[in-house]
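Here is a short tour of one protein chain. Keep the sequence and the 3D view open as you read.

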Amino acid sequence: MTDATEAPELEQEPAAAATLFGERLELARSFTGELARRGEELGLIGPLELPRLWTRHILNSALLAPLLEDRGRVADVGSGAGLPGLVLAIARPDVSFTLIEPMERRCDWLTSEAARLGLDNVTVVRGRAEDVADDIVVDQVTARAVSALSKLIPITAPLVRSGGQLILMKGARVDEEIEKARKVILRKRLENVEVLELGVGVVEETTRVFRATVD
């Protein structure tokens, strides 16, 4: 008889992982394994996430990698478990990442994982995006599962240089969020606003991204 309380098993690595990470796949495996092992204990992921950890979280984050500028500077707002920040730092070693996270225990996790994996392209900053905007200027900002665009744009746009980009991961209702954020988009003078669907033909679960240029 199967124990109803038996812990879920980690999802088998999808074939797409090799496509998205290439020669960095072993690092991605190591990070995924450690997140699976300690994520629930540290409050980084929910108890039911292991059977979809690769698909829903790791590959989902890695899809952003081709959108990043070569040798660029990226700030990831609300990094939490390192999604997408640490995943992207693994996939794009040429890019410098500043991971912005207000919670101390999550900062400790991000710092320890960056060190364990040898990611010398990662800096962890404890704080809220709006509190560090005077000290950080980057080419692009990423964020995943932080808040609605109407609230997210005002705290992320100030981090980006003129001509830089917001690359914000969103769900299926992104178009509705854009409509509700129209005034904010105008006030922050965002240009080239678009929604991209990433991963078509590569992964089972595609992801949507709000991308815009900061004037």
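**The whole chain**

This is a predicted model. The chain has nine helices and seven strands. Its radius of gyration is 17 Å, close to the 17 Å that the globule rule gives for 215 residues, so the chain is as compact as a globular protein of that length. Along the principal axes, the C-alpha atoms fill a box of roughly 60 × 35 × 30 Å.

How much of the chain is buried? Buried residues make up 51% of the 215 residues. The chain exposes about 10,700 Å². Carbon and sulfur atoms supply 47% of that area.

Now look at who meets whom. Take the contacts between residues at least 6 apart in sequence: 70% of them join residues at least 24 apart.

Charges come next. There are 27 positive and 35 negative side chains. The centres of the two sets lie 6 Å apart.

**The nonpolar cores**

The largest nonpolar core holds 45 residues. Which of them touch the most other members? They are Phe21, Phe31, Leu35, Leu86 and Phe97. Several elements each supply at least two residues of this core, among them the helices α1 (16–21), α2 (25–38) and α5 (104–117) and the strands β2 (96–101) and β6 (190–198). The largest share, six residues, comes from α4.

Leaving aside neighbours within four places in sequence, Leu86 is in contact with Phe31, Ala81, Leu99, Trp109, Leu110, Glu113, Ala114, Leu119 and Val122. Phe31 in that list is itself one of the residues that touch the most other core members.

**An enclosed helix**

Find helix α3. Is it mostly enclosed or mostly open? Nine of its 10 residues are buried, so α3 is largely enclosed by the rest of the structure. Among the buried ones are Leu53, Trp54, His57, Ile58 and Ser61. The buried residues of α3 pack against α1, α2, α4, β4 (138–144), β5 and β7 (207–214).

**A cis bond and its neighbourhood**

Most residues other than glycine have a negative phi, and most peptide bonds are trans. The next residues depart from that pattern.

The peptide bond from Leu83 to Pro84 is cis, with omega near 10°. Pro84 sits in the loop between β1 (73–77) and α4. Leu83 is found in that loop too, between β1 and α4.

What does Leu83 touch, not counting residues up to four places away in sequence? Its contacts are Phe31, His57, Ile58, Ser61, Asp76 and Arg144. His57, Ile58 and Ser61 are buried residues of α3. Leu83 and Arg144 are 61 residues apart in sequence, yet their C-alpha atoms are 6.9 Å apart in space.

**Positive phi angles**

Ala145 has a positive phi of about 55° although it is not a glycine. Its place is the loop between β4 and α7 (149–156). Arg189 also has a positive phi of about 55°, and it is not a glycine either. Arg189 is in the loop between α9 (182–187) and β6.

**Buried or exposed**

The cut-offs are simple: buried means under 20% relative accessible area, and exposed means over 50%.

| Residue | Relative accessible area | State |
|---|---|---|
| Gly164 | 0% | buried |
| Leu83 | 7% | buried |
| Asp175 | 51% | exposed |
| Arg189 | 54% | exposed |
| Ala145 | 74% | exposed |

Gly164 lies in strand β5. Not counting residues up to four places away in sequence, Gly164 touches Asp139, Ala212, Thr213 and Val214. Gly164 and Arg128 are 36 residues apart in sequence and 20 Å apart in space, C-alpha to C-alpha.

Asp175 is found in helix α8 (residues 174–180). How far is Asp175 from Glu26, C-alpha to C-alpha? These two residues are 149 apart along the chain, and 36 Å separates their C-alpha atoms.

Definitions and conventions: Residues are numbered from 1 along each chain as its sequence is written. This is a predicted model: local features need pLDDT of at least 70, side-chain atom pairs count only at pLDDT 80 or more; totals for chains, interfaces and linings use all residues. Side-chain values use heavy atoms; hydrogens and water are left out. Helices (H or I, at least four residues) and strands (E, at least two) are DSSP runs, numbered from the N terminus. The radius of gyration is taken over C-alpha atoms; the globule rule is 2.2 Å times the number of residues to the power 0.38. Buried means under 20% relative accessible area, exposed over 50%, partly exposed in between (1.4 Å probe, protein chains only). Contact means heavy atoms within 4.5 Å. Accessible areas come from the Shrake-Rupley method with a 1.4 Å probe; for residues, only the protein chains shown count as cover. Lys and Arg count as positive and Asp and Glu as negative; His and the chain ends are not counted. The place of a charge is taken as NZ of Lys, CZ of Arg, CG of Asp or CD of Glu. A nonpolar core is a set of buried Ala, Val, Leu, Ile, Met, Phe, Trp, Tyr and Cys residues joined through side-chain atoms within 4.5 Å.
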